[in-house]
Amino acid sequence: MHSFLSRANTLFAFTITVLAVLTTGVFVSTFFEEYRGTVSIGAVRPIVKHMTDFSANRKKNDLGVLQLTLDMDLNPLFDWNVKQLFLYLVAEYVTPANTLNQVVLWDKIVRRGEEARLSFHEIATKYYFWDDGEHLRSNNVTLSLNWNIISNAGRLMHVRANGSTSFVFPDQYITSRTASPKPSGQQ
Ligand SMILES: *[C@@H]1O[C@H](CO)[C@@H](O)[C@H](O)[C@H]1NC(C)=O
Ligand SMILES: *[C@@H]1O[C@H](CO)[C@@H](O)[C@H](O)[C@H]1NC(C)=O
């Protein structure tokens, strides 16, 4: 004879099992999804300034300034397991001291239900592009977009989008104060 408690217990265990199976189902059904996508990135009017970096060593360092043009359709990424995307644009370049320097220039969160067809024309970078020395002039920089997939169940995935772009900074510093817009955010 079953007591009320043992019935409740059985029901509870059953509910947990059903939830676990459902969650696993969500996870498994998207396990092989790679969340790849193609983005078009443009680097517009790159210049280099030689300025005191008050946020770091207070020495004169190279500050790269450019505008970004971005075009992407992220709708295909939003399957039923995707809650939101964290996009970030990384600049990568080589200096004598480091084989790989990475600077995040821009980021954005796109939640499910928000506009996922994104197009930006010559926007300012969101963060400053400081080199920790004086190695931006004539340097070749590659921009690529990455996203973290924040899912309802399963892994936090990190994907580098197809479609990067490279540009070379000019070999001269810009000295005028008027030439460049400020980044829209602060680091
Ligand atoms: C810059 O680097 C990229 C990636 O390594 C390369 O494909 C490109 O040819 C380089 N551009 C120049 C002008 O050196
Ligand atoms: C990557 O992007 C290029 C240029 O937009 C496109 O031709 C190619 O099909 C894309 N590759 C993949 C795997 O999506």
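## Strand pairing and ligand surroundings in a predicted model

The protein chain has one helix and nine strands; both are DSSP runs, with helices (H or I) of at least four residues and strands (E) of at least two, numbered from the N terminus. This is a predicted model, in which local features need pLDDT of at least 70 and side-chain atom pairs count only at pLDDT 80 or more, while totals for chains, interfaces and linings use all residues. Residues are numbered from 1 along each chain as its sequence is written, chains are lettered from A and ligands numbered from 1 in the order in which they are written, and side-chain values use heavy atoms, with hydrogens and water left out.

### The chain as a whole

From the N terminus, the order of elements is α-β-β-β-β-β-β-β-β-β. Of the 187 residues in the protein chain, 40% are buried. Buried stands for under 20% relative accessible area, exposed for over 50%, and partly exposed for values in between, with a 1.4 Å probe and protein chains only. The protein chain exposes about 11300 Å², and carbon and sulfur atoms supply 57% of that area. Accessible areas come from the Shrake-Rupley method with a 1.4 Å probe, and for residues only the protein chains shown count as cover. Among contacts (heavy atoms within 4.5 Å) between residues at least 6 apart in sequence, 72% join residues at least 24 apart.

Strand β2 spans residues 60–73, and 10 of its 14 residues are buried.

| Partner of β2 | Residues | Bridges | Sense |
|---|---|---|---|
| β1 | 39–52 | 12 | antiparallel |
| β5 | 117–124 | six | antiparallel |
| β6 | 129–130 | two | antiparallel |

Individual residue pairs place these strands against each other. T52 stands opposite K60 in β2, and L63 stands opposite W130 in β6. In β5, R117 is the bridge partner of D73.

D73 and R117 are separated by 44 residues in sequence, but their C-alpha atoms are 4.3 Å apart. With residues up to four places away in sequence set aside, D73 touches A116 and R117. Its side chain also makes a polar contact with the side chain of N75, at 2.9 Å. A polar contact is a pair of N or O atoms within 3.5 Å; within protein, one must be able to donate a hydrogen and the other to accept it, and residues adjacent in sequence count only if both atoms are side-chain atoms. D73 counts as partly exposed because its relative accessibility is 38%.

### Strand β7 and its partners

Nine of the 12 residues of β7 are buried, so this strand is largely enclosed by the rest of the structure. Strand β3 (residues 82–93) pairs with β7 in the antiparallel sense over 10 bridges, and L89 has L145 of β7 as its bridge partner. Strand β8 (residues 157–160) is antiparallel to β7 and joined to it by four bridges, with N148 opposite H158. The hairpin of β7 and β8 has five residues between the strands, and G154 there takes a positive phi near 115 degrees. β7 and β9 also pair in the antiparallel sense, over four bridges; in β9, S166 is the bridge partner of T142.

### Around ligand 1

The residues around ligand 1 are N140, T142, S166 and V168, where a residue counts as near if one of its heavy atoms lies within 4 Å. The protein covers 27% of the 360 Å² of accessible area that ligand 1 has on its own. β7 (140–151) and β9 (165–168) each supply at least two residues of this shell. A polar side-chain atom of N140 lies 2.3 Å from an oxygen atom of ligand 1. By class, the shell has one nonpolar, three polar and no charged residues. Here Ala, Val, Leu, Ile, Met, Phe, Trp, Tyr, Cys and Pro count as nonpolar, Asp, Glu, Lys and Arg as charged, and the others, Gly among them, as polar.

Most residues other than glycine have a negative phi. R45, in strand β1, has a positive phi of about 50 degrees although it is not a glycine. R45 counts as exposed because its relative accessibility is 52%. S138, in the loop between β6 and β7, is likewise not a glycine and has a positive phi of about 60 degrees. At 44% relative accessibility, S138 counts as partly exposed.

Note on methods
Pairing = 2+ DSSP bridges.
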